[in-house]
Amino acid sequence: MSGHITQDWEPVVIRKKAPSAAVKKDEKFVNAARRAGAEIETLKKSTAGTNKAASSSTSLNTRKLDEETEVLAHEKVPTELKKSIMQGRTDKKLTQAQLAQLINEKPQIIQEYESGKAIPNQQIILKLERALGVKLRGKK
């Protein structure tokens with residue numbers, strides 16, 4: 001490098017960036033474009049302003065579900081298990097709420113098991129066996 005410095009006298013032009021898509025849709029921008037006489041295109045989206053989901057049309061999965069004939073149901077508490085729980089609880093002179101408290105569950109769970117509405121859970125059945133001192137599993 002030699003010791004003398006030259007200056008570049010070319011003009012530097014700084015421009016704003018082009019407006020983004022969001023700005024172009026802005027009401028102020030659209031009105032300014034109208035005043036300037038620019039062409040404005042308006043498009044209606046197919047489901048705009050309706051209460052329909054984008055995928056509300058009957059799809060392949062919906063048809064498969066309609067054609068499905070197999071009946072699927074959760075396993076329920078067997079009758080002998082219901083009777084064993086009730087018998088064990090009444091032998092120990094416990095209410096459903098007291099039994100629930102003994103096994104750290106909600107009283108509703110005991111009600112569901114005794115009415116046969118519950119989906120059998122081996123952990124809960126094990127807790128019931130311990131609390132009542134009755135064998136509830138392995139009868140099948």
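Because the model is predicted, local features were required to have a pLDDT of at least 70 and side-chain atom pairs a pLDDT of 80 or more, whereas totals for chains, interfaces and linings use all residues. Residues are numbered from 1 along each chain as its sequence is written, and side-chain values use heavy atoms, with hydrogens and water left out.

The secondary structure of the protein chain comprises seven helices and zero strands, and along the sequence the pattern reads α-α-α-α-α-α-α; helices (H or I, at least four residues) and strands (E, at least two) are DSSP runs numbered from the N terminus. Of the 140 residues in the protein chain, 19% are buried, where buried means under 20% relative accessible area, exposed means over 50% and partly exposed lies in between, as computed with a 1.4 Å probe on protein chains only. Among contacts (heavy atoms within 4.5 Å) between residues at least 6 apart in sequence, 51% join residues at least 24 apart.

Two helix pairs that involve H6 were examined. Helix H6 (residues 107-115) packs against helix H7 (residues 122-132) at an angle of about 95 degrees, with the axes 12 Å apart; the axes are lines fitted to C-alpha atoms, for helices over the stretch in contact, and angles run from 0 to 180 degrees between N-to-C directions. H6 and H7 are therefore roughly perpendicular to each other, given that angles under 35 degrees count as roughly parallel, over 145 as roughly antiparallel, 65 to 115 as roughly perpendicular and the rest as oblique. In this pair, Ile109, Ile110 and Tyr113 of H6 meet Ile124, Ile125 and Leu128 of H7, and by class the contact has six nonpolar, no polar and no charged residues. For this classification, Ala, Val, Leu, Ile, Met, Phe, Trp, Tyr, Cys and Pro count as nonpolar, Asp, Glu, Lys and Arg as charged, and the others, Gly among them, as polar.

The axes of helix H4 (residues 79-91) and H6 come within 7 Å and cross at roughly 125 degrees, and the two helices are therefore oblique to each other. Here Lys82, Ile85, Met86 and Arg89 in H4 meet Tyr113, Glu114 and Ser115 in H6, a contact with three nonpolar, one polar and three charged residues. Arg89 of H4 is buried, with a relative accessible area of 13%, and, residues up to four places away in sequence not being counted, touches Leu94, Thr95, Gln96, Leu99, Glu114 and Leu132.

The buried residues of H6 are Ile109, Ile110, Tyr113 and Glu114. These residues cover an arc of only 130 degrees around the axis, which puts them on the same side of H6, the arc being that of the directions from the helix axis to the C-beta atoms. What covers the buried residues of H6 includes H4, H5 and H7.

Leu128 touches Ile85, Leu99, Ile103, Ile110, Tyr113, Gly133 and Leu136, when residues up to four places away in sequence are not counted.

Loop residues were considered next. Val77, in the loop between helix H3 (60-67) and H4, counts as buried at 6% relative accessibility. Its C-alpha atom is 8.4 Å from that of Ser115, although Val77 and Ser115 are 38 residues apart in sequence.

Lys117, in the loop between H6 and H7, is by contrast exposed, with a relative accessible area of 60%. Its neighbours within four places in sequence aside, Lys117 is in contact with Lys76 and Glu112. The C-alpha atoms of Lys117 and Glu75, 42 residues apart along the chain, are separated by 9.3 Å.

Positive phi values also occur in residues other than glycine, including Lys93, with phi near 55 degrees, and Asn104, with phi near 60 degrees. Lys93 is found in the loop between H4 and H5 and is exposed, with a relative accessible area of 73%, whereas Asn104 is placed in the loop between H5 and H6 and counts as exposed at 66% relative accessibility.
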